[in-house]
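Q: Hey, can you walk me through this one? I'd like to start with the rings.

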Amino acid sequence: MSRTAVPHITAIATCALLAMSAPVIAETTHSHDETHAHAHGDDDIYKGYFDDDQIEPRQLSDWEGDWQSVYPLLQDGTLDVVMEHKAEAGEKSAADYKAYYETGYATDVNRILFEGSTVTFFGAGTPLQAEYKNDGFEILTYEKGNRGVRYVFAKEHGDADAPAFIQFSDHRIAPAKADHFHLYWGNDRAALLEEVTNWPTYYPSNLSGDEIVEQMLAH
């Protein structure tokens, strides 16, 4: 599925509402690795099994802070141990997992800063900044039967080249401070919901590569 190009920050492909639109169930194929697990009580939700009445609106403050892309860590070999760990329990080789995440993590936006309603994208060119407002959430149903929730925010004003929409997926369906997330962005809201092969992924910027590896291995 093609995505609307956003100059300077194109990626290969990632709340109390003021006016929340009704959730939309979007049938789509999703190949994103859903084998993470959190605390026992959240395990089913984290894997994508939940009831509609468990979903709650979220605010942009859930993602407040300074975040780094993990794509450079995949490229420089820091995440090789994570790929080897996946191969031990999975059905692919470490090289195959790395190729899969090469597509999934790929982005030229290596840092994103969330401050209140302001989002700043740091890519190859001049940083882009815009203000975003809540635009509801969407429920996605994946091919294998599990589901996910995309939390959507729309640009109010800011740099012309900043994306019109950003959509978060962090395996949560209710207010909670994110520890990492997948982000989708572009100018076509509906097209972004169809994007399931490229999901730029971000962890706090104050974490070292080794600390990110430790967190990934714990999931």
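Q: How many aromatic pairs does a search of the whole structure find?
A: The search turns up 17 aromatic pairs. Keep in mind that this is a predicted model.

Q: Okay, pick one. How are the rings of Trp63 and Tyr151 arranged?
A: They make a tilted pair, with 6.3 Å centre to centre and 50 degrees between the planes.

Q: And where in the chain do those two sit?
A: Trp63 is in the loop between helix H1 (43–47) and strand E2 (65–69), while Tyr151 belongs to strand E6 (residues 147–158).

Q: Are Trp63 and Tyr151 buried or exposed?
A: Both of them are buried.

Q: What about Phe114 and Phe181, why is that pair called edge-to-face?
A: Planes over 60 degrees apart count as edge-to-face. The planes of Phe114 and Phe181 are at 70 degrees, so that label applies, and the ring centres are 5.9 Å apart.

Q: Is Phe114 buried or exposed?
A: Phe114 is buried, at a relative accessible area of 1%. Phe181 is buried too, and its value is 0%.

Q: Which residues form the aromatic cluster?
A: One cluster takes in Trp63, Trp67, Phe114, Phe137, Tyr151, Phe153, Phe168, Phe181 and Tyr202.

Q: What sits over the ring of Tyr151?
A: That's the charged end of Arg58, 5.1 Å from the ring centre. Elsewhere, Arg150 lies over the face of Tyr184, at 3.5 Å from the centre of that ring.

Q: Switching topic: how do strands E5 and E6 pair?
A: Strand E5 (residues 128–141) and E6 are antiparallel, with ten bridges. For example, Glu131 has His157 in E6 as its bridge partner.

Q: How many residues are between E5 and E6 in the hairpin?
A: Five, and Gly145 in the turn has a positive phi of about 105 degrees.

Q: What does E6 do with strand E7?
A: E6 and strand E7 (residues 165–169) run antiparallel and are joined by four bridges. Ala154 has Phe165 in E7 as its bridge partner. E6 and E7 form a hairpin as well, with six residues between them.

Q: Last one: what does the secondary structure of the chain come to?
A: Six helices and nine strands. Of the 219 residues in the chain, 49% are buried.

Conventions:
Residues numbered from 1 in each chain as written. Predicted model: local features only at pLDDT ≥ 70, side-chain atom pairs only at ≥ 80, totals over all residues. Heavy atoms only, no water. Phe/Tyr/Trp six-rings, centres within 6.5 Å; stacked < 30°, edge-to-face > 60°. Buried < 20%, exposed > 50% of the residue type's maximum accessible area, 1.4 Å probe, protein only. Lys NZ or Arg CZ within 6 Å of the ring centre and 35° of its normal. Pairing = 2+ DSSP bridges.
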